[in-house]
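Please look at the structure below before reading on.

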Amino acid sequence: QVHLVESGGGLVQAGGSLRLSCVATGRAGSYTMAWFRQAPGKEREFVAAIGRNADSTYYSTFANGRFIMSRENDKNTMYLQMNSLTPKDTAAYYCALDTGAWRGILVQRQTDVYEYWGQGIQVTVPS
């Protein structure tokens with residue numbers, strides 16, 4: 001059983017930065033992982049995904065150029081560095097883990113391929 005715990009969220013002014021962390025415990029191994037986010041009344045949307053060895057990283061259009069995803073497998077931890085934040089980035093952010101091999105980005109950006117999810121952590125950027 002895998003448990004994912006996010007940290008690093010909070011309130012930040014527009015233009016500021018945050019770094020989210022996700023620590024995996026249990027039988028996590030080195031698997032494909034991703035970040036998603038969900039604002040109130042909105043569908044959960046893909047943010048970024050990273051392969052097992054960090055040799056493949058992909059970003060949504062809104063994240064590209066502003067967010068950087070990385071991982072440290074020896075610490076069972078992945079990160080999302082978020083820069084130039086705007087009020088549109090306000091949402092609950094979730095880390096997710098897929099126990100399968102890399103499926104290609106067309107699949108990895110879908111929520112239903114991830115077996116494990118964190119509780120979510122709030123990021124708020126006031127107007």
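This is a predicted model: local features need pLDDT of at least 70, side-chain atom pairs count only at pLDDT 80 or more; totals for chains, interfaces and linings use all residues.

Residues are numbered from 1 along each chain as its sequence is written, and side-chain values use heavy atoms, with hydrogens and water left out.

Q: Which residue does a disulfide join to Cys22?
A: A disulfide is a pair of cysteine sulfur atoms within 2.5 Å, and the structure holds one. Its S to S distance is 2.1 Å. The partner of Cys22 is Cys95.

Q: How many residues apart in sequence are the parts that Cys22 and Cys95 tie together?
A: Helices (H or I, at least four residues) and strands (E, at least two) are DSSP runs, numbered from the N terminus. Cys22 lies in strand β3 (residues 18–26) and Cys95 in strand β9, so the parts tied together are separated in sequence by 73 residues.

Q: Is Cys22 buried or exposed?
A: Buried means under 20% relative accessible area, exposed over 50%, and partly exposed in between (1.4 Å probe, protein chains only). The relative accessibility of Cys22 is 0%, so Cys22 counts as buried.

Q: Which residue meets Glu45 in a salt bridge?
A: A salt bridge is a side-chain nitrogen of Lys or Arg within 4 Å of a carboxyl oxygen of Asp or Glu. A search of the whole structure finds five of them. The one at Glu45 has an N to O distance of 2.7 Å, and the partner is Arg37.

Q: How many residues apart in sequence are the parts that Asp89 and Arg37 tie together?
A: The side chains of Asp89 and Arg37 also meet in a salt bridge, at 2.9 Å from N to O. Asp89 lies in the loop between β8 (77–82) and β9 (91–98), and Arg37 in strand β4 (residues 32–38), so the distance in sequence between the parts is 52 residues.

Q: Which residue forms a salt bridge with Arg103?
A: Arg103 is partly exposed, at 40% relative accessibility. The N to O distance is 2.6 Å, and the partner is Asp98.

Q: Is the ring pair of Tyr58 and Trp102 stacked or edge-to-face?
A: Rings of Phe, Tyr and Trp (its six-membered ring) pair if their centres lie within 6.5 Å; planes under 30 degrees apart count as stacked, over 60 as edge-to-face and the rest as tilted. The centres of Tyr58 and Trp102 are 5.3 Å apart and their planes are at 15°, so the pair is stacked.

Q: At what angle are the ring planes of Tyr114 and Trp117?
A: Tyr114 and Trp117 belong to one aromatic cluster with Phe36 and Phe46. The ring centres of Tyr114 and Trp117 are 6.1 Å apart, and the pair is edge-to-face because the planes are at 70°.

Q: How much space lies in the largest cavity?
A: On a 1 Å grid over the protein atoms alone, a cavity is a set of points where a 1.4 Å probe fits but cannot get out. Grid points are joined across faces, edges and corners, and a volume is the space filled by probe spheres set on the points. The structure holds one cavity of 30 Å³ or more. The space in the largest cavity is about 50 Å³.

Terms used
On a 1 Å grid over the protein atoms alone, a cavity is a set of points where a 1.4 Å probe fits but cannot get out, and a pocket is an open set with protein on both sides within 12 Å along at least five of seven lines; lining residues have an atom within 4 Å of a point.
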